[in-house]
Amino acid sequence: MTFRNAFCASSALAICVAGTAAFADGHSATITIATVNNGDMIRMQGYTDQFTEETGIAVEWVTLEENVLRQRVTTDITTNGGQFDIMTIGMYETPIWGANGWLVPLDGLSEEYDVDDILPAMRGGLSHDGTLYAAPFYGESSMIMYRTDLMEAAGLEMPEAPTWEFIREAAAAMTDRDNDINGICLRGKPGWGEGGAFITAMSNSFGARWFDMEWQAQFDTQPWLDTLNFYQGMMQESGPNGYPSNGFTENLNLFNQGLCGMWIDATVAASFVTNPEDSTVADSVGFALAPDTGLGVRSNWLWAWALAIPAGTQQQDEALQFIEWATGTEYMQLVAWNEGHANVPPGSRTSLYENPVYAAVPFAQMTLDSILSADPNNSTVEESPYVGIQFAAIPEFAGIATEVSQEFSAFYAGQQTAEEALANAQAITNEAMEAAGYQ
Amino acid sequence: MARAVTNQRKALNTALAWIVGLAIFFPILWTILTSFKTEADAIANPPILFAFDWTLENYSEVMERSNYGRFLSNSILIAGGSTILGIIIAVPAAWSMAFVPSRRTKDILLWMLSTKMLPAVGVLYPIYLLCIRLGVLDNRLAMVVILMLINLPIIVWMLYTYFKEIPGEILEAARMDGASLKEEILYVLTPMAIPGIASTLLLNFILAWNEAFWTLNLTSVDAAPLTQFIASYSSPEGLFFAKLSAASTMAIAPILILGWFSQKQLVRGLTFGAVK
């Protein structure tokens, strides 16, 4: 075969195969679901065959990393692309997208689904004007996970609801630099969903807020300065090296290797740190509510990964059927039966916590208490105009908070002072809010 | 003495080359090693290089969870199709620029290259909307065309550089012997530029294989290539390093093998005309 023949043949073959393959697929009862890559979602994918057997509806999964997923589904929903029949979205996106008419209201759920069983905090956070737009697959707050053995060795006892002052003292007492043990591990990584989420929730307990009632940024106030100085001081005394670039995964690794005395993060991490397959300290972990400063607001957040139907879908009924199956009580029973109660998606339904078997899971009660103590409609000491605890549910927040958290991380890394970081945050936020027409 | 110095320098250069080579290869080696560890070993501190319990569990889990074959065939189709289509378009374009240049040829070449300087996200929405209107979202043929257009400036530039090394007199002689334009390109120019065309093919196949922005944004199920496969194992929450490494190893294995077998051709093509 000459070069020309080989070249032409392979070109024609590639183009023809690509072309025919492009039009060959398709099934009328197939729904496509975009979701995040985490343990609970992957577990659900494993049970999808049962849903298909029961309903005849096939399911295609598009699993992506959280930030990629967010960009991907945002592009699709804002252009009415119709790529997905169900999207996994969070508490931040749901009320905004619902208000824009981009999501199908979930008012057609059956009686058996028992929508009233969904925890009120979750239901409130996933609704707009009283209409539910996404069903929670699992919910989370944040809490303290601590090493009971190190706490005992330090001669201290963790209260159920500690203050930040106690946490700082305990962290210093547990720190053992010679053995690489850090008293406390916290997120410092830039990003609104990483270090930004943590410092915002922490600032609430110090009496800070993002905006006043006129949507003016509040970074020039004393509570914000106190928050940043307290955080940085405590982390320098008792935190790990490189904490300004640590996020959830880095801290999870440190804790599981026995290198953290305390870790304040998502309640969903409780099942990871108590799993002996991954954690070297699984049998010596205790739990407590996220700390406060006595001002009446704790530093825990509220989040849910929820399933929503984009308005552009052609398969609304099938999508609703799947949501009822995946977020209903039957699915929870299925997981509990096959994999044990500790693996049931937590934080979404009241009935789960009324189950005596689930109540025996070591972190169940503290998870519920943390979720119940988080109120997205009343998250700050002083009145604020926004809904959300670790975020403000406005479209501009993600962009602004990412920039602000970069300024804060630069402060943690010693590249600028707290005053400079807050002044920059104030300027960035006010400029963006003015451009968006809030001021 | 002079001979000893030369030998010493040679040994030093060889050692340096090995160190640089190993440093470049180390991330790939580390990914491959991590893919055989348990999740706990994958995050061990200090890191374990070889002394861990080797396991194939990550591979079996990845194979169970994902349809690797579909992702792989999509990658081959999209990368292969876009590269071949690009060559078909670029050969005549590069011929005209190399052998019958106009006053604006240099400007056109620079303009073509300037399109590569535009951040891809800047045109995401227009391209996405265009795909919706044409009904080609998550479509393999559309991805072939889009990736071909993205890599076309590089293909044209590379071929133009190779063609410039070929004496125009040979083509003139062919014309005097009665060769038509088609015959001149197919039977005279192309065989002489085979090393250059082959390295262009290989390089663009690798570029298209690794392209992650457009393939992640414009595909979901039917046309999703291996970049989607890797992305599905990345997570900021939980422990997925070992499984992610297994998925990455499976995604890069075909292109590593291709690169390994064709490295001689690739180097020959890339250095074609470098020494006159």
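Biologist: Which residues does Met122(A) touch, not counting residues up to four places away in sequence?

Modeller: A contact means two C-beta atoms, placed from the backbone, within 7 Å of each other. With sequence neighbours up to four places away left out, Met122(A) touches Pro136(A), Gly139(A), Ala304(A) and Ser348(A). This is a predicted model, in which local features need pLDDT of at least 70 and side-chain atom pairs pLDDT 80 or more, while totals for chains, interfaces and linings use all residues. Residues count from 1 along each chain as its sequence is written, and chains are lettered from A and ligands numbered from 1 in the order written.

Biologist: In which helix does Met122(A) lie?

Modeller: Helices (H or I, at least four residues) and strands (E, at least two) are DSSP runs, numbered from the N terminus. Met122(A) lies in α6(A), residues 120-125.

Biologist: Is Met122(A) buried or exposed?

Modeller: Count the other C-beta atoms within 10 Å: 20 or more is buried, 12 or fewer exposed, in between partly exposed. Met122(A) has 27 such neighbours, so it counts as buried.

Biologist: How many residues separate Met122(A) and Gly347(A) along the chain, and what distance separates their C-alpha atoms?

Modeller: They are 225 residues apart along the chain, yet 8.2 Å apart by C-alpha atoms. Now try a pair in chain B. Val121(B) and Phe163(B) are 42 residues apart in sequence and 33 Å apart in space, C-alpha to C-alpha. Val121(B) sits in the loop between α5 (105-114) and α6 (124-134) of chain B. Val121(B) is exposed, because 11 other C-beta atoms lie within 10 Å.

Biologist: Ala304(A) touched Met122(A). Which residues are on each side of β10(A)?

Modeller: Read a strand face by face. On one side of β10(A) are Leu302(A), Ala304(A), Ala306(A) and Ala308(A). On the other are Trp303(A), Trp305(A) and Leu307(A). Both faces are covered, and these residues are all buried.

Biologist: How many bridges join β3(A) to β10(A)?

Modeller: Two strands pair if DSSP finds at least two bridges between them. Strand β3(A), residues 86-89, has 3 bridges to β10(A), and the two run antiparallel. Met87(A) has Ala308(A) as its bridge partner. Strand β6(A), residues 135-147, also pairs with β10(A) in the antiparallel sense, over 6 bridges. There, Glu140(A) is partnered by Trp303(A).

Biologist: Now helix packing. At what angle do the axes of α9(A) and α18(A) cross?

Modeller: Two packed helices are described by the angle and the distance between their axes. Axes are lines fitted to C-alpha atoms, for helices over the stretch in contact, with angles from 0 to 180 degrees between N-to-C directions. Helix α9(A), residues 195-205, and helix α18(A), residues 397-412, cross at roughly 85 degrees, and their axes come within 9 Å. So α9(A) is roughly perpendicular to α18(A). The cut-offs: under 35 degrees is roughly parallel, over 145 roughly antiparallel, 65 to 115 roughly perpendicular, the rest oblique.

Biologist: Which residues of α9(A) meet α18(A)?

Modeller: Gly195(A), Gly196(A) and Ile199(A) do. Their counterparts in α18(A) include Ala401(A), Val404(A) and Phe408(A). This contact divides into 4 nonpolar, 5 polar and no charged residues. Ala, Val, Leu, Ile, Met, Phe, Trp, Tyr, Cys and Pro count as nonpolar; Asp, Glu, Lys and Arg as charged; the others, Gly among them, as polar.

Biologist: And what is the angle between α18(A) and α19(A)?

Modeller: About 170 degrees, with the axes 9 Å apart. Helix α19(A) covers residues 418-435. The two are therefore roughly antiparallel. Among the residues that meet are Ile400(A), Glu403(A) and Phe411(A) in α18(A), and Ala421(A), Asn424(A) and Ile428(A) in α19(A). The contact holds 10 nonpolar, 3 polar and 2 charged residues.

Biologist: Where is Asp129(A) found, and what is its phi?

Modeller: Asp129(A) has a positive phi of about 50 degrees. Asp129(A) is in the loop between β4 (127-128) and β5 (131-132) of chain A. Asp129(A) is exposed, because 9 other C-beta atoms lie within 10 Å. Asp180(A) also has a positive phi, near 60 degrees. Asp180(A) lies in the loop between α8 (164-174) and β7 (182-185) of chain A. With 13 other C-beta atoms within 10 Å, Asp180(A) is partly exposed.

Biologist: Last, how many helices and strands does chain A have?

Modeller: It has 19 helices and 10 strands. Of its 439 residues, 51% count as buried. Residues 24 or more positions apart make up 74% of the contacts with a separation of 6 or more. The C-alpha atoms fill a box of roughly 75 × 55 × 55 Å along the principal axes.
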